[in-house]
Amino acid sequence: AAAFGPHSRVWADHGYAPDGSTPFFSYVHGLPDPEGDGSDAPLSSTLDVVVRAMHARACVLFPALRRARFAEWWAHCRPHPS
(Lines give C-alpha, C1' and ligand atoms only; values in the text may rest on other atoms or scores of the structure.)
Protein backbone atom coordinates (compact mmCIF):
# COMPACT_ATOMS: atom_id res chain seq x y z
CA ALA A 1 0.00 0.00 0.00
CA ALA A 2 2.90 2.39 0.70
CA ALA A 3 3.98 2.28 -2.96
CA PHE A 4 0.67 3.92 -3.92
CA GLY A 5 -0.10 5.75 -0.66
CA PRO A 6 -1.04 9.43 -0.60
CA HIS A 7 2.58 10.50 -0.06
CA SER A 8 4.21 8.04 -2.45
CA ARG A 9 6.65 9.44 -5.04
CA VAL A 10 4.71 7.70 -7.79
CA TRP A 11 2.17 10.54 -7.90
CA ALA A 12 4.73 13.34 -8.21
CA ASP A 13 6.81 11.31 -10.66
CA HIS A 14 3.77 11.15 -12.96
CA GLY A 15 2.81 14.81 -12.60
CA TYR A 16 -0.25 14.01 -10.53
CA ALA A 17 -1.47 16.54 -7.96
CA PRO A 18 -3.81 15.02 -5.34
CA ASP A 19 -5.20 18.50 -4.57
CA GLY A 20 -7.43 18.05 -7.62
CA SER A 21 -5.54 20.26 -10.09
CA THR A 22 -4.45 17.09 -11.93
CA PRO A 23 -7.19 14.54 -11.18
CA PHE A 24 -5.53 11.48 -12.76
CA PHE A 25 -2.86 10.15 -15.06
CA SER A 26 -3.23 7.50 -17.71
CA TYR A 27 -1.29 5.28 -20.06
CA VAL A 28 -2.33 4.06 -23.49
CA HIS A 29 -1.05 0.73 -24.85
CA GLY A 30 -1.23 -0.16 -28.52
CA LEU A 31 -2.87 -3.44 -29.47
CA PRO A 32 -1.76 -5.22 -32.63
CA ASP A 33 -3.93 -5.62 -35.69
CA PRO A 34 -5.15 -9.23 -35.46
CA GLU A 35 -4.52 -9.67 -39.19
CA GLY A 36 -1.02 -8.24 -39.06
CA ASP A 37 2.30 -9.51 -37.77
CA GLY A 38 2.26 -7.45 -34.55
CA SER A 39 4.83 -4.93 -35.77
CA ASP A 40 2.21 -2.15 -35.60
CA ALA A 41 2.22 -2.31 -31.76
CA PRO A 42 5.62 -3.51 -30.47
CA LEU A 43 5.99 -4.58 -26.84
CA SER A 44 7.88 -1.96 -24.86
CA SER A 45 7.17 -2.90 -21.24
CA THR A 46 6.08 -5.70 -18.96
CA LEU A 47 2.73 -3.95 -18.67
CA ASP A 48 2.32 -4.28 -22.45
CA VAL A 49 2.59 -8.05 -21.96
CA VAL A 50 -0.04 -7.97 -19.21
CA VAL A 51 -2.38 -5.79 -21.28
CA ARG A 52 -2.03 -8.14 -24.28
CA ALA A 53 -2.79 -11.18 -22.12
CA MET A 54 -5.89 -9.49 -20.69
CA HIS A 55 -6.99 -8.44 -24.17
CA ALA A 56 -6.58 -11.97 -25.53
CA ARG A 57 -8.64 -13.40 -22.67
CA ALA A 58 -11.35 -10.75 -23.06
CA CYS A 59 -11.55 -11.45 -26.81
CA VAL A 60 -12.55 -15.04 -26.05
CA LEU A 61 -15.63 -13.73 -24.22
CA PHE A 62 -16.23 -10.65 -26.39
CA PRO A 63 -15.00 -11.32 -29.96
CA ALA A 64 -15.72 -7.75 -31.12
CA LEU A 65 -12.81 -6.60 -28.93
CA ARG A 66 -10.45 -7.96 -31.59
CA ARG A 67 -11.07 -4.69 -33.43
CA ALA A 68 -9.68 -2.64 -30.51
CA ARG A 69 -6.40 -0.90 -31.33
CA PHE A 70 -5.65 0.59 -27.89
CA ALA A 71 -6.11 -0.16 -24.20
CA GLU A 72 -5.93 2.61 -21.60
CA TRP A 73 -5.66 2.54 -17.84
CA TRP A 74 -6.00 5.40 -15.40
CA ALA A 75 -4.73 5.95 -11.88
CA HIS A 76 -5.88 8.39 -9.25
CA CYS A 77 -5.47 8.93 -5.53
CA ARG A 78 -8.37 10.66 -3.91
CA PRO A 79 -10.42 10.35 -0.74
CA HIS A 80 -13.41 8.01 -0.86
CA PRO A 81 -16.15 8.63 -1.86
CA SER A 82 -15.31 11.32 -4.36
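Analyst: Accessible area is worked out with the Shrake-Rupley method, using a 1.4 Å probe, and for residues only the protein chains shown count as cover. For the protein chain, the accessible surface comes to about 6,300 Å², and carbon and sulfur atoms hold 64% of that area. Please keep in mind that this is a predicted model: local features need pLDDT of at least 70 and side-chain atom pairs count only at pLDDT 80 or more, while totals for chains, interfaces and linings use all residues. Residues are numbered from 1 along each chain as its sequence is written, and side-chain values use heavy atoms, leaving out hydrogens and water.

The protein chain has two helices and two strands, in the order α-β-α-β from the N terminus on. These elements are DSSP runs numbered from the N terminus: helices are H or I with at least four residues, strands are E with at least two. Of the 82 residues in the protein chain, 21% are buried; here buried means under 20% relative accessible area, exposed means over 50%, and partly exposed lies in between (1.4 Å probe, protein chains only).

Now to the patches. A patch gathers residues with over 30% relative accessible area and no salt bridge, joining like charges within 9 Å and nonpolar side chains (Val, Leu, Ile, Met, Phe, Trp, Tyr) within 5 Å. The nonpolar one covers about 430 Å² and is built from Tyr27, Leu47, Val50, Met54 and Trp73. Helix α2 gives this nonpolar patch its largest share, three residues. Trp73 sits in strand β2 (residues 70-75), and Trp73 is called partly exposed because its relative accessible area is 30%.

Asp33, Glu35, Asp37 and Asp40 form a negative surface patch. Asp and Glu count as negative, Lys and Arg as positive, and His and the chain ends are not counted; a charge is placed at CG of Asp, CD of Glu, NZ of Lys or CZ of Arg. Asp33 belongs to the loop between β1 (25-30) and α2 (46-61), and Asp33 is partly exposed because its relative accessible area is 35%.

Leu31 is found in the loop between β1 and α2 as well, yet Leu31 counts as buried because its relative accessibility is 4%. Contact means heavy atoms within 4.5 Å. Leaving aside residues up to four places away in sequence, Leu31 touches several partners, among them Asp40, Val51, His55 and Phe70. The C-alpha atoms of Leu31 and Pro42 are 8.5 Å apart, with the two residues 11 positions from each other along the chain.

The whole structure holds one salt bridge, a pairing in which a side-chain nitrogen of Lys or Arg is within 4 Å of a carboxyl oxygen of Asp or Glu. Its partners are the side chains of Arg9 and Asp13, at 3.3 Å from N to O. Both residues lie in helix α1, four residues apart, about one turn of the helix. Arg9 is exposed because its relative accessibility is 63%, and Asp13 is exposed because its value is 52%. Ser8, in the segment before α1 (9-13), is buried because its relative accessibility is 15%. Not counting residues up to four places away in sequence, Ser8 touches Ala2 and Ala3.
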